[in-house]
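Please open the model in your viewer and keep the sequence panel beside it.

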Amino acid sequence: MLPHELQGIVPESTPAAESLQQNQIVRDFYSEVKYRQELEQHCQWYYATAKQHQQELQKMQGDFNIFGWFCRARHKK
């Protein structure tokens, strides 16, 4: 309830205005839920990709470095 002085200045909300406001709140809520789900999916993809890259790097570090062998042979001459 508004103080007596403000009742003439601030219009009372109508059922239609309240319905629109509630509708906007629901839209904002679902928009936030969608954003968080998409962020979670992106984070899962990112972590899986990073893990795969780390595994590939470890495998590459264990491989024989043919390019390095040729570079050393060329620099010795």
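A salt bridge, as the term is used here, is a side-chain nitrogen of Lys or Arg that lies within 4 Å of a carboxyl oxygen of Asp or Glu. By that criterion the structure, which is a predicted model, holds two salt bridges.

Buried residues make up 4% of the 77 residues in the chain.

Select Arg36 and Glu32, whose side chains meet in a salt bridge with an N to O distance of 2.7 Å. Both belong to helix H1, which covers residues 15-62, and because they are four residues apart there, about one helical turn separates them. Arg36 counts as exposed, at 56% relative accessibility, whereas Glu32, at 35%, counts as partly exposed.

Next, select Glu38 and Lys34, the partners in a salt bridge of 3.9 Å, again taken from N to O. Here too the residues are four apart in helix H1, so that about one helical turn lies between Glu38 and Lys34. Glu38 has a relative accessibility of 43% and therefore counts as partly exposed.

**The aromatic pairs**

How many aromatic pairs does a search of the whole structure find? The search finds two. For one of them, select Phe29 and Tyr30: the ring centres are 5.3 Å apart and the planes stand at 75°, so the pair is edge-to-face. Tyr30 counts as exposed, with a relative accessibility of 54%.

Then move to Tyr46 and Tyr47, which form an edge-to-face pair with 6.0 Å from centre to centre and 75° between the planes. Tyr47 is exposed, its relative accessible area being 58%.

Which helix holds Phe70? Phe70 lies in helix H2, which covers residues 66-75. At 48% relative accessibility, Phe70 counts as partly exposed, because that class covers values between the limit for buried, under 20%, and the limit for exposed, over 50%.

Key
Residues numbered from 1 in each chain as written. Predicted model: local features only at pLDDT ≥ 70, side-chain atom pairs only at ≥ 80, totals over all residues. Heavy atoms only, no water. Helix = DSSP H or I, 4+ residues; strand = E, 2+ residues; numbered from the N terminus. Buried < 20%, exposed > 50% of the residue type's maximum accessible area, 1.4 Å probe, protein only. Phe/Tyr/Trp six-rings, centres within 6.5 Å; stacked < 30°, edge-to-face > 60°.
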